[in-house]
Amino acid sequence: MSEQHERISILGLGAMGRALAGALLAAGREVTVWNRTPGKAGDLVARGAREVSSVEGAIDASDLTVACLLDDASVRETLAPVVQKLADRTLVNLTSGSVRQARELDRWLKEYGVRFLAGGIMAVPPTVGTEGAFILYSGARDLFDRVAPALSPLGRPHWVGEDPGFAALYDMAALSGMYGIGAGVDHAVRMLHAEGGDVETFKREVLRPWLEQMLPIFVAGADVSDTVPDEYNPEMQAVGLENILAASGEAGVPADLAGHLRASLWRMRRAVATAG
């Protein structure tokens with residue numbers, strides 16, 4: 001790893017951008033930070049970061065620039081006036097966005113000779129830099145191999161392919177799984193609360209251990225088809241899901257919160273129809 005790659009600039013100081021900068025500072029990196037709205041870098045400057053007032057100044061400060069902004073539009077807006085400054089430099093975009101947006105950004109930056117890696121952060125701000133955090137990257141493998149050591153303090157670097165859209169693809173798919181679990185947990189807790197159950201005991205003694213037991217089975221059994229393993233008995237599962245929906249309705253839980261159950265019921269009914 002070159003000495004230049006130990007100097008890293010962060011564009012964007014929202015909660016995640018500050019967490020990224022903090023983790024790099026803790027690892028001894030030389031960090032330069034920029035934010036559209038001044039006044040968010042005080043604690044980072046106290047820890048050794050250098051704050052600059054322009055994107056151009058941030059790019060000049062190092063060979064490796066990391067963008068962590070609100071969305072794809074803000075990345076384009078921020079970089080457009082200075083994109084020529086990024087020629088022969090490396091930009092890592094850790095801003096959430098779609099697969100299409102990542103591919104289009106890659107094509108645009110390549111027109112200016114920018115070395116580009118797309119990324120997806122598999123962590124929330126408090127867990128950045130911890131053992132469980134990891135970052136998805138996609139783009140040229142040789143570029144990833146050069147940059148990964150410098151960014152490893154953020155979380156374990158994980159390359160998912162040459163296609164610049166794949167980091168976003170894996171990120172969005174993983175978030176879909178997370179929100180699916182979150183929707184189920186929220187629905188379950190509301191059912192308990194509506195019927196006067198002990199919510200805290202339920203979460204601690206029933207829901208969490210049950211999910212910990214079932215999650216590996218669900219992940220291993222996930223499929224792109226409408227079939228269901230025989231041991232799941234889709235007809236029985238469909239009846240069970242109908243019972244849950246009925247109980248939810250009786251408890252007065254808003255129907256919109258049970259969308260994950262209706263999706264599962266649709267799959268089970270399809271499996272029954274296919275088998276028949």
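**Cavity, pocket and sheet in a predicted model**

The largest cavity has a volume of about 130 Å³. The model is predicted.

Student: Which residues lie nearest the centre of the largest cavity?
Tutor: The structure holds 1 cavity of 30 Å³ or more. Its lining takes at least two residues from each of α4 (72-79), α5 (99-110), β6 and α7. In total 16 residues line the largest cavity, and those nearest its centre are Asn93, Thr95, Gly97, Ser98 and Ala102.

Student: How many residues of the lining of the largest cavity are charged?
Tutor: The lining consists of 16 residues. Of these, 6 are nonpolar and 7 polar, and the charged ones number 3.

Student: Which element gives the most to the lining of the second largest pocket?
Tutor: This pocket has a volume of about 270 Å³. Among its 16 lining residues, Gly12, Asn35, Cys68, Leu69 and Leu70 are the closest to the centre. With 3 residues, the element that gives the most is α1.

Student: Which strands are the edge strands of the open sheet?
Tutor: The sheet has 8 strands with mixed pairing, in the order β3-β2-β1-β4-β5-β6-β7-β8. An edge strand pairs on one side only, and the edge strands here are β3 (50-51) and β8 (156-159).

Student: Which residue is the bridge partner of Ile10 in β4?
Tutor: Strand β1 covers residues 7-11 and β4 covers residues 64-67. The two pair in the parallel sense over 4 bridges. In β4, the partner of Ile10 is Val66.

Student: What angle does helix α7 make with β6?
Tutor: Helix α1 (residues 15-26) lies across β1, β2 (30-34) and β6 (115-122), and runs at about 170° to β1. Helix α7 (residues 166-194) also packs on the sheet, where it touches β6 and β7 (134-138). The angle between the directions of α7 and β6 is about 10°.

Student: Is Asp88 buried or exposed?
Tutor: Asp88 is found in the loop between α4 and β5 (90-93). Its phi is near 65°, a positive value in a residue other than glycine. Most residues other than glycine have a negative phi. The relative accessible area of Asp88 is 57%, and the cut-off for this class is over 50%, so Asp88 is exposed.

Technical notes:
Residues numbered from 1 in each chain as written. Predicted model: local features only at pLDDT ≥ 70, side-chain atom pairs only at ≥ 80, totals over all residues. Heavy atoms only, no water. Pairing = 2+ DSSP bridges. Contact = heavy atoms within 4.5 Å. Axes fitted to C-alpha atoms, helices over the stretch in contact; angles between N-to-C directions. 1 Å grid on protein atoms, 1.4 Å probe; cavity = no way out; pocket = protein on both sides within 12 Å on 5 of 7 lines; lining within 4 Å. Points joined across faces, edges and corners; volume = space filled by probe spheres on them. Nonpolar A, V, L, I, M, F, W, Y, C, P; charged D, E, K, R; others polar. Buried < 20%, exposed > 50% of the residue type's maximum accessible area, 1.4 Å probe, protein only.
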